[in-house]
Each structure stands twice: as structure tokens, then as C-alpha cells.
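Hello,

Here is the structure I promised to pass on to you. Have a look at it first, and then read on for a short tour of what turned up in it.

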Amino acid sequence: MSQTGRIMPSGSQRALNEAYDTALLDLDGVVYAGGAAIAHAVDALAVARDGGMHLAYVTNNALRTPDAVAAHLTELGVPAEAADVITSAQAVARLIADQLPQGSRVLLIGGEGLRVALIERGLVPVESADDDPAAVVQGYGGPDITWARFAEASYAVARGVPWFASNTDLTIPSGRGIAPGNGAAVEVVRIATGAEPQVAGKPLPPMHRETVLRTGAERPLVVGDRLDTDIEGAFNGGVDSLLVLTGVTDAAQLLAARPEHRPTFVDADLRGLLTGQPEVAEKEGGFGCGGWTASVADGAFALDGDGEAMDGLRALCAAAWTQAGDGVCDLDPSKVLELLGL
């Protein structure tokens, strides 16, 4: 179901784990952060899985292999197999393999997950621009990747070698806060060369294609914490989405979302998978959800009522997105968010 023109979060009388057959779950900021499970994630996923929902883990982080990701999830109490994990490394490796013959050399700027994905597609990773690569691929290589690796990529790209990137997330959540992501590293090579890479990861179609091919989902629900990757990727794929506020997106950013960044559903954390989602109804002078009514008046948000903070946020989204139309809501929501405790 396309989200074009969304002016409010949708409701669902059925619990989301019953309404959709597959959850396409982002990892960083949704299931874990900095290696530790996010509050309520383990229990919520167990209930969803036991109820028959297929859980697939879709990550733009190309550093680790699916085996390593599955092992980490299992250690956290979320049983997973490698086949349950889809990475941007796999998506970019397929993108390269579609354009180059098997056995082609690919200059690898990244980690083990990207190396394994290239080999899986019959490509040969190399380490230097002087190894006659037919392509350059760049993926998140962890915090210890050196400037020398970016230089190798720049030398090859400047010679006209096709350049690919697993993803362009500028940031990545960690246990200590928000750190630079692969997109920041891609910017280094772009600045040095003036070139543009072909990108595979969310929110672009190659990642959606990889996910569909590997999961066979018929009624998928994208679950994520990022508007510009998870939610936009769902929008581009024409499928529904659930935004959880456990990662990089906060309530103020949600209120200012562009049409392609507006999720179908929004909830505080993964427990939102296990419940129906309340309807947001248009009321005289505003929008109501739960005990709240929200509107935009005299260039400012107005919020009346009481109840669950998330219900107030859903009503505010309807007011903000209606006011913004196809643009971005430019009202300062900070005082209203204080009232909600968000």
C-alpha cells in the first residue's frame, strides 16, 4: 500500500503482527544499540514470532556477515538464522554482479560482511587501486578504518572505475551516541573525486528487491527508526511501515517529515507490533486520537486533552502533516512535545 499523500498515521483494528505476515526489521536503533538489546525488543519479537509472524532483519550496515548478525541476535535472546538477515552488502554485491562478469576484481573498502557478499556473487575482492579492479565498492568498515583505504578508493574512482556504495547513511547509532556512518565515508571519496556512486541500500530499490527475493514476503511491514532510510524505503517499495522512537528519529523530526518520510504507524518501541494502532480522526478544528485533539492555529500547534503521549503525538502528526501538505512543517513543536513528555 503506497503512502503517497499521507496526512496522518493510519490505524489498525488488528494487532500488526496479525495484519502482516513478515516484519522487515531494521537492527541498529530498533532491535539493539551499541550491541545491547533495546528495552522490550526481545520480548516483543518473541511474542510476534510465536504468533506466526516471520521476522526478517534488514540492515544497511554492511560490516558484519549474516552469520555474525544472526549469532549476535541469538545471543541477545532473539533466535535467528543467517537466512533471516538481509544486508546492504548483499544488495550491492548483486547490483555489481548484474553489471560485471563473474570473476571480476572489485576494490573492497569495507569489512568482512562486504567481502563475503562479493564472494557469494562470484566476484574477487582486491585491496589496491593498482590491482586492476573493474569496480570499487564502499561499505561501513567499522571505527578503525583508515584514511589510506579512502585514498585507494579515490585513486581508482578518479581513473574512471565504476563506484558502488552499500548505503549512504550519514550516521549510525552506538552505545555512546550517534557516530559517523558509511555515508560520511562516501562523502570523503565524493569530495576527492567529484564522482557519484551507485547506491544499493535503503531507501533505494536494490535493497527492496534483495529483501523481497530473500524473504518471499507477501504482506510485509517495514519496521525502522530512520525516516530517510527505513520509512522512505517502504514508501519507495509501496509497502506499509512502523516507525519506532528508539533510534535516531525523535518526535520533533517526525512532525517535520516530508510526505515520503511519513510512516503508516508510529509507536514508542517494538511493543507496537503486538497491538492494534489507534485511528486518528478528523475533528472540527483539528485531529483527535485517544484523549487528545491537536490543531494548528495562528502559526502554532495547539494541543488539548490528556492520555497516552503516543496518542497525542499521532494527533500532532495529523495536524502538522496537513499544515505542511507536500512540504515540511516549519512550526516549532518543542513546547508541545514538552507537554507530552517526549
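This is a predicted model: local features need pLDDT of at least 70, side-chain atom pairs count only at pLDDT 80 or more; totals for chains, interfaces and linings use all residues.

A pair of aromatic rings is described by the distance of the centres and the angle of the planes. For tyrosine 20 and phenylalanine 265, the ring centres are 6.3 Å apart and the planes meet at 75 degrees, so this pair is edge-to-face; the cut-off for that label is over 60 degrees.

How many aromatic pairs does the structure hold? There are two. The other one joins tryptophan 147 and phenylalanine 150, again edge-to-face, with 5.7 Å from centre to centre and 85 degrees between the planes. Both of these residues are in helix α6 (residues 147-158), three residues apart, which is about one turn of the helix. Is tryptophan 147 buried or exposed? Its relative accessibility is 63%, so tryptophan 147 counts as exposed. Phenylalanine 150, in contrast, counts as buried at 10% relative accessibility.

Now to the strands. Strands of a sheet pair through backbone hydrogen bonds, either parallel or antiparallel. Strand β1 has two partners to look at. With strand β4 (residues 54-59), β1 pairs in the parallel sense over four bridges, and alanine 23 stands opposite leucine 55 there. Strand β13 (residues 220-224) also runs parallel to β1, joined by four bridges, and here leucine 24 faces valine 222. In a regular strand the side chains alternate between the two faces of the sheet. In β1, Thr22 and Leu24 lie on one side, Ala23 and Leu25 on the other, and all four are buried, which leaves both faces covered.

Elsewhere you will find an open sheet of five strands with parallel pairing, in the order β7-β6-β8-β9-β12. Its edge strands, β7 (124-126) and β12 (198-199), each pair on one side only. Three bridges hold strand β6 (residues 105-109) and β7 in parallel pairing, with valine 106 opposite proline 125 of β7. Helix α4 packs on this sheet, where α4 touches β6, β8 (135-138), β9 (163-165) and β12, and its direction makes about 155 degrees with that of β9. Helix α7 (residues 182-193) packs on the sheet too, touching β8 and β9, at about 160 degrees to the direction of β9.

Finally, a pair of helices. Two packed helices are described by the angle between their axes and the distance between the axes. For α4 (residues 88-97) and α5 (residues 112-120), the angle is about 40 degrees and the axes are 8 Å apart. The crossing of α4 past α5 is right-handed. On the α4 side, the contact is made by Ala89, Gln90, Val92, Ala93 and Ile96, and on the α5 side by Gly113, Leu114, Ala117, Leu118 and Glu120. Sorted by class, this contact has seven nonpolar, two polar and one charged residues.

Enjoy exploring!

Best wishes

Key
Residues are numbered from 1 along each chain as its sequence is written. Side-chain values use heavy atoms; hydrogens and water are left out. Axes are lines fitted to C-alpha atoms, for helices over the stretch in contact, and angles run from 0 to 180 degrees between N-to-C directions. Helices (H or I, at least four residues) and strands (E, at least two) are DSSP runs, numbered from the N terminus. A crossing is left-handed if the near helix is turned anticlockwise from the far one by less than a right angle, and right-handed if clockwise. Contact means heavy atoms within 4.5 Å. Ala, Val, Leu, Ile, Met, Phe, Trp, Tyr, Cys and Pro count as nonpolar, Asp, Glu, Lys and Arg as charged, and the others, Gly among them, as polar. Rings of Phe, Tyr and Trp (its six-membered ring) pair if their centres lie within 6.5 Å; planes under 30 degrees apart count as stacked, over 60 as edge-to-face and the rest as tilted. Buried means under 20% relative accessible area, exposed over 50%, partly exposed in between (1.4 Å probe, protein chains only). Two strands pair if DSSP finds at least two bridges between them.
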